[in-house]
Amino acid sequence: EEERKQRVCKPLLRMTIASGSVLSARDCSQAGHVRNTLRWNLSPDEIRTMTDSLIARVKKVYDDVGSLNIENVSVENTLMTLANAKMDYASSRHVLAFPQYVCPSKELRSASTEAEKRLSELDVEINMREDVFKRITALQKDNLSAEEKRFLDRLVTLGQRKGLHLSKDIQEEIKRTSKLISELSIEFNKNLNEESKFLIFSEHELGGLAATFLSGLDKTAEGRYKVTLEYPHYYPLMKRCHNPETRRKMEMAFNSRCKEVNTAILEELIQLRAKVAHLLGYGSHAEYVLEINMAKNASNVSDFLGMFHETLKPVGIKERKYILALKKRECLMKGYQFDEKINAWDLPYYMNQVEQRKFAVDKDKLIEYFPLDVVTEGLFGIYQELLGLIFTEVEQADVWHENVKLYSARDTETGEEIGQFYLDLHPREGKYGHAGCFGLQPGCRGPDGKRRLPVAAMVANFTKPRKGCPSLLQHHEVETYFHEFGHVMHEICSKTAFSEFSGTMVETDFVEVPSQMLENWVWEKEPLRRMSCHYKDGTSIPDELLDKLIASRVANTGLMNLRQVVLSKVDQSLHTSPRADTAEVFAKHCQDILGIPATPGTNMTASFSHLAGGYDGQYYSYLWSEVYSMDIFFSRFKKEGIMNPKVGKEYRRVILEAGGSVDGMDMVKTFLGRAPYQDAFFQCKGLVNSQEASM
């Protein structure tokens, strides 16, 4: 669960998808209203030059608006001028800032990181233009469309939340501190992306791991195995390795990544965020960020997490007792000393044993039925059928690495190209270490009135193919794939007037709803059959194995979800305090909530990228969003047909196309025809006592 949540992309085999056609880059550029203009062959000097040009362009627009006579401001010369500048900025910035996450060249990644630092400083500058704010607040709301009024209200709210109604001295202090926050956040994630540590083990020390796993590892000159801290190495080892000392070393290293440098950065960030919140008149940083979310305030988040914790507590106690019995039995059988407790390096290993013992899920057998090319073809087919789309590969596309593919998405009925997306699915040095979706071009209306073509990229780190064996996915990786691709669809289906509302530009505690909802398909028989076949002979997953897999959805539900409560409460604790010892806060919540101690000498929060990647004070969003996503799935799709194209197209229209142009709660109510309830959320977690209160 935690691996999937790390958020914040083998070369795919050529496949025949839907129509079976393949487009050239030229075809795509002519087909849409405005083509994909993104370039990925920029040199470091070009990145610097284009950054200079973009900054100058944006500043000029803000200077022009800021110099207007107050009496002469209008929707056209102020609101629409700013909207067009924001669209240009959103379209131009990503080609400069995105390469730091995916580019093979360290020099280019560094140039991209520097570009993002400069653009983040520009963000602070333009968001704190008091002269522009005065012109915005002078605009009349008469004769505005609903989305235009929402955009104007958003600009006014943003200005107020940046302190533009306060004194010049306070504004300058907020500006200086905000720039430092941006710089430190970028540095935090850069450190993680550049982390390349590995551990060396003998074959004996890796006992319990499959031969296929070992064959994919590099070896030292002495024949020992190199195991990196990347997901495709770390998680299989922690779940399958019999040797507790090997697991201890791996867990220690994994949760010590960037410990010294990032702990210092994070603890400074906490103080700086608290300082800005105080200057703006808020009790804490959490109160500041939550004000514009669905949750509204820290008290509501605390109540939600507290209620969920209390519901899960007896389940967690029961699961820990069972795991401790498993550990005691194994220690007796293998001659290990039994220390009468569950350690952090024990948890994934024995949770995996719970799945095998209680549900008899054979993970070694199951993985053979999920070759990446088959999963991709099945996933594409499901999304196309459900949302009324056709995906085609773009030939000779400009990409940042030879293994990256670009696809075009068209509406089935009209043939209109609605967007494009890249897939970058395997790990490499210096690449973003988690799975995520990156919006690269917004899907909004341009100054000429035509819709701009939205573009997104899915970045993941699935195991690479090797000689004689394709890339094979664990079921949880299939779930990750479905989740992140859901974000991609949210990005490219967007049809908003303003880039400010395009795609996933929604409330932070709503942004996961569409992708979480679509995860449910990987727990249903028909979709699983469409996404699988044995990589050697093409046979289907046996019914018995499929039934056991689906039943295992509730395995370890207490501990998995309590882990999410821990991370959410750690985040809230850090951001409701003026300063914090991050390792101590994490260790306290682990012990108090999960009942399992953090390993002394580690600090998981130093690699908790969400805390420096836009989820600060908002990690609870993953659990919060599930309330809505489960209600949507069980009340509409499960009831009316999980492959019902009528429901799918309504979902695309009401939820995906709207982006952030409508409040999340209003979208959910429209789609459900009522207010949401928590019933499906708790039932899906395997918790018998349904909670009937509405959100």
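**Cores, bridges and an interface**

Modeller: Let's start with the core: the largest nonpolar core has 135 residues, and those with the most contacts inside it are Phe-421, Tyr-481, Phe-485, Met-489, Trp-521 and Phe-637. Keep in mind that this is a predicted model, where local features need pLDDT of at least 70, side-chain atom pairs count only at pLDDT 80 or more, and totals for chains, interfaces and linings use all residues. Residues are numbered from 1 along each chain as its sequence is written, and side-chain values use heavy atoms, with hydrogens and water left out.

Colleague: What makes a set of residues a nonpolar core?

Modeller: The set has to consist of buried Ala, Val, Leu, Ile, Met, Phe, Trp, Tyr and Cys residues joined through side-chain atoms within 4.5 Å.

Colleague: What does Phe-421 touch?

Modeller: Leaving out residues up to four places away in sequence, its partners include Phe-380, Phe-391, Lys-405, Phe-485 and Met-489. Contact here means heavy atoms within 4.5 Å.

Colleague: Why is the pairing of Arg-452 and Asp-448 called a salt bridge?

Modeller: The rule wants a side-chain nitrogen of Lys or Arg within 4 Å of a carboxyl oxygen of Asp or Glu. The closest N and O atoms of Arg-452 and Asp-448 are 2.8 Å apart, so the pair qualifies.

Colleague: And is Arg-452 buried or exposed?

Modeller: Buried means under 20% relative accessible area, exposed over 50%, and partly exposed in between (1.4 Å probe, protein chains only). Arg-452 is at 16%, so it counts as buried. Asp-448, at 46%, is therefore partly exposed.

Colleague: How do you know that Arg-530 and Glu-385 link distant parts of the chain?

Modeller: Their side chains meet in a salt bridge at 2.9 Å, N to O. Arg-530 sits in helix H21 (residues 525-530) and Glu-385 in helix H18 (residues 372-387), 145 residues apart. Helices here are DSSP runs (H or I, at least four residues), numbered from the N terminus.

Colleague: What is the area buried between domain 2 and domain 3?

Modeller: About 610 Å², with carbon and sulfur atoms giving 50%. Buried area is the accessible area (1.4 Å probe) that two parts lose on being put together, summed over both. In domain 2, His-242, Met-252 and Asn-255 lose the most area to domain 3, together 69% of what that side buries.

Colleague: How many salt bridges cross that interface of domain 2 and domain 3?

Modeller: Zero by the rule, although the structure holds 51 salt bridges.

How values were computed. Helices (H or I, at least four residues) and strands (E, at least two) are DSSP runs, numbered from the N terminus.
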